[in-house]
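Subject: Structure handover and findings

Hello,

Here is the structure we talked about. Please open it alongside this note; the findings follow below.

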Protein chains: 2
Amino acid sequence: MKYGVIGTGAIGGFYGGKLAKSGQEVHFLLHRDYDYVKSNGLQIDSCDGSFHLDAVNAYHRTADMPVCDVVLVCLKTINNGLLQELLPPLLGPKTIVVLIQNGIGVEADVQRMFPDTALVAGLAFICSAKTEPGRVSHQCYGSINFGNYSCKDSQCLNALLTDFTQAGVQAALVNYEEARWKKAVWNMPFNGMTVALNTQTDLLLKHPSTRKLIYEQMLEVIHAAQHLGVENIDESFADKMIQMTDAMTPYSPSMKLDFDFHRPMEIEYLYSRPLEIAHNAGFHMPKLEMLEALLRFSPSPAPPKGGV
Amino acid sequence: MKYGVIGTGAIGGFYGGKLAKSGQEVHFLLHRDYDYVKSNGLQIDSCDGSFHLDAVNAYHRTADMPVCDVVLVCLKTINNGLLQELLPPLLGPKTIVVLIQNGIGVEADVQRMFPDTALVAGLAFICSAKTEPGRVSHQCYGSINFGNYSCKDSQCLNALLTDFTQAGVQAALVNYEEARWKKAVWNMPFNGMTVALNTQTDLLLKHPSTRKLIYEQMLEVIHAAQHLGVENIDESFADKMIQMTDAMTPYSPSMKLDFDFHRPMEIEYLYSRPLEIAHNAGFHMPKLEMLEALLRFSPSPAPPKGGV
């Protein structure tokens, strides 16, 4: 299959790079790193084995890219408005668009832009970062779950799964709603709390007051999901997420990195949309509502200020 | 009447100073400023008219102080453990102890130390600060409400009221529970939120997300008080407090000043105790619980860290 990658950063660079290394035809859209990657290729420093791609199909505009079987959208959601213009050149009648993005409500909004396009949610469980131009550092994990949103071609979905697996990526097909909400159980507490207290995951869990708060926030997400009828999610999932995070090295979630580097934060899809969806169904998440309000107080990008 | 002031700072210096200026016999306990005040007196810079007290009855230990009719306790509550040792020399059989302190639960704890002593809550509505040794700056307001906790001598209470009034302080006798909880409606949101976001009252109310959050936190306190059977408090009181704060100049509440100057914060009586009292009665204040957890994450004194 022919792959397109929109956004060649920590996520797009890693998964696109793995696919390219395994022999797939991958076309990368690059922005700031275009010239560098065109000349020097793409370097993936990975805990699973580092590698370099010498010849990369690099583009700086999608108008020059071919129609693809699968497009991996790896932009920050704050840039999703650009998809209206970026995506069309890559879309054929059978193209699957995989949104490897954070948050809840992303697929609904992209579907509104492209009503006839097959959408799949990509949920990456990965610690990676773009450390310099053309260089991705993959620290740990790396699996990806695909949640089918509006793709009717199960054969193509299976091919996607096979390609990722053959590229050495642990991949699975999961229930869309369940996957998005389960990811939110970790994302909603840790992304905002590491920003609000300017810290990392380990210290939040080390201090009793914030360990309890993180747990309570996880329960808010779980109860909201249950209220919305999402299946296979119960309170034990919070314990599991806490245990998993206890076992991780100190970690700065993506929103914390955005904050640290004075980039806009993904407040909309990580907080506002899930809070709104729950609210419209009559369910409140008071502690996460408060976290959203704290995050919105200081709209990034802005220099960090002193604070608790 | 003979007055004792335990803690001659922004509050004790102001009210004790006003009483002394009006001719009352006032005995001041001082700590760091003892030598300075003994030599130079006490300067009150006040929006209502500045004045200087040349000869101050200054002490650096209560063992040297006389038994008083009224003791004004103006310590930070974090030092209330010291009262066990500080108070006895000043206490006679008819002494009233007025706790001019922040928070909820203070009287119950002091009463446990001194079961037979008449306690009165003092609720100061004042913007003042100790700016340098022996110098208090009173910026605005200044009234004080007295809530009777365990004083059975109404004559003495009335004398207290008369003395404050004659000293040019607007004073009133109010219902104890009502007064403590009404003060908490302002104190609980603004003290912690100015610390959590390292800001002042005006910016919290200027930004829509935090204005809404402050209002919701006020409602949590009001609903808790209603649940506890406190009278004369309804949602309109939140509007009144917001309007009052809108009209104030940008203000750093006492906890924010403690935070800025790396002093311990009064988390216990401003948050933990009222949250616990409500919790024990089956009522939850989720957003204020979260605020407590954020404040406890970074126990002051500590250098300020970067944050939201």
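**Helix α6 of chain B**

In chain B, helix α6 spans residues 176–196, which makes 21 residues. From its first C-alpha to its last it reaches 29 Å, close to the 30 Å expected at 1.5 Å a residue. Bear in mind throughout that this is a predicted model.

α6(B) has a bend of about 35°, placed at Ala184(B). At the start of the helix, Asn175(B) brings a side-chain oxygen to within 3.2 Å of the backbone nitrogen of Glu177(B). After the helix comes Asn198(B), with a positive phi near 45°. How enclosed is α6(B)? Largely, because 19 of its 21 residues are buried.

Asn191(B) is one residue of this helix. Its relative accessible area is 1%, so Asn191(B) is buried. Its side chain has a polar partner: a contact of 3.5 Å joins it to the side chain of Ser254(B). Beyond its sequence neighbours within four places, Asn191(B) is in contact with Trp186(B), Pro253(B), Ser254(B), Met255(B), Leu270(B) and Tyr271(B).

**Nonpolar cores**

The largest nonpolar core has 94 residues. Which residues have the most contacts inside it? They come from both chains: Met193(A), Met218(A) and Tyr271(A), along with Met193(B), Met218(B) and Tyr271(B). As background, nonpolar side chains tend to be buried together in soluble globular proteins.

Take Met218(A) as a way into the 94-residue core. Setting aside neighbours within four places in sequence, Met218(A) is in contact with Val185(A), Trp186(A), Pro189(A), Phe190(A), Ala238(A), Met241(A) and Ile242(A).

**Cysteines**

How many disulfides does the structure hold? Zero, over all chains. Cys156(A) is in none, and the nearest cysteine sulfur, in Cys151(A), is 5.9 Å away. Cys156(A) is buried, at 10% relative accessible area. In chain B, the closest cysteine sulfur to that of Cys47(B) belongs to Cys140(B). Cys47(B) is partly exposed, with a relative accessible area of 43%.

**His138(B) and strand β9**

His138(B) sits in strand β9 of chain B, residues 135–148. It is buried, with a relative accessible area of 2%. What does its side chain pair with? The side chain of Ser46(B), in a polar contact of 2.7 Å. Cys47(B) is one of the residues that His138(B) touches.

Tyr141(B) is partly exposed, at 42% relative accessible area. Its phi is positive, near 55°.

**Positive phi in chain A**

Most residues other than glycine have a negative phi. Asn198(A) has a positive one, near 45°. Where is Asn198(A) found? In chain A, in the loop between α6 (176–196) and α7 (201–206). With a relative accessible area of 25%, Asn198(A) counts as partly exposed.

Ser272(B) has its place in helix α11, residues 267–280. Is Ser272(B) buried or exposed? Buried, with a relative accessible area of 11%. Ser272(B) and Glu292(B) are 20 residues apart along the chain, and 7.2 Å separates their C-alpha atoms. Ser272(B) touches Glu292(B), and also Ile267(B) and Arg296(B), not counting residues up to four places away in sequence.

Gln84(B) is in helix α3, residues 83–86. Gln84(B) is partly exposed, at 45% relative accessibility. Gln84(B) and Phe114(B) lie 30 residues apart along the chain, with their C-alpha atoms separated by 8.1 Å. Gln84(B) touches both Met113(B) and Phe114(B), leaving out residues up to four places away in sequence.

Best regards

Methods: Residues are numbered from 1 along each chain as its sequence is written. Chains are lettered from A and ligands numbered from 1 in the order in which they are written. This is a predicted model: local features need pLDDT of at least 70, side-chain atom pairs count only at pLDDT 80 or more; totals for chains, interfaces and linings use all residues. Side-chain values use heavy atoms; hydrogens and water are left out. Helices (H or I, at least four residues) and strands (E, at least two) are DSSP runs, numbered from the N terminus. The expected span of a helix is 1.5 Å times one less than its number of residues. The bend at a residue is the angle between axes fitted to the seven residues ending there and the seven starting there. Buried means under 20% relative accessible area, exposed over 50%, partly exposed in between (1.4 Å probe, protein chains only). A polar contact is a pair of N or O atoms within 3.5 Å; within protein, one must be able to donate a hydrogen and the other to accept it, and residues adjacent in sequence count only if both atoms are side-chain atoms. A disulfide is a pair of cysteine sulfur atoms within 2.5 Å. Contact means heavy atoms within 4.5 Å. A nonpolar core is a set of buried Ala, Val, Leu, Ile, Met, Phe, Trp, Tyr and Cys residues joined through side-chain atoms within 4.5 Å.
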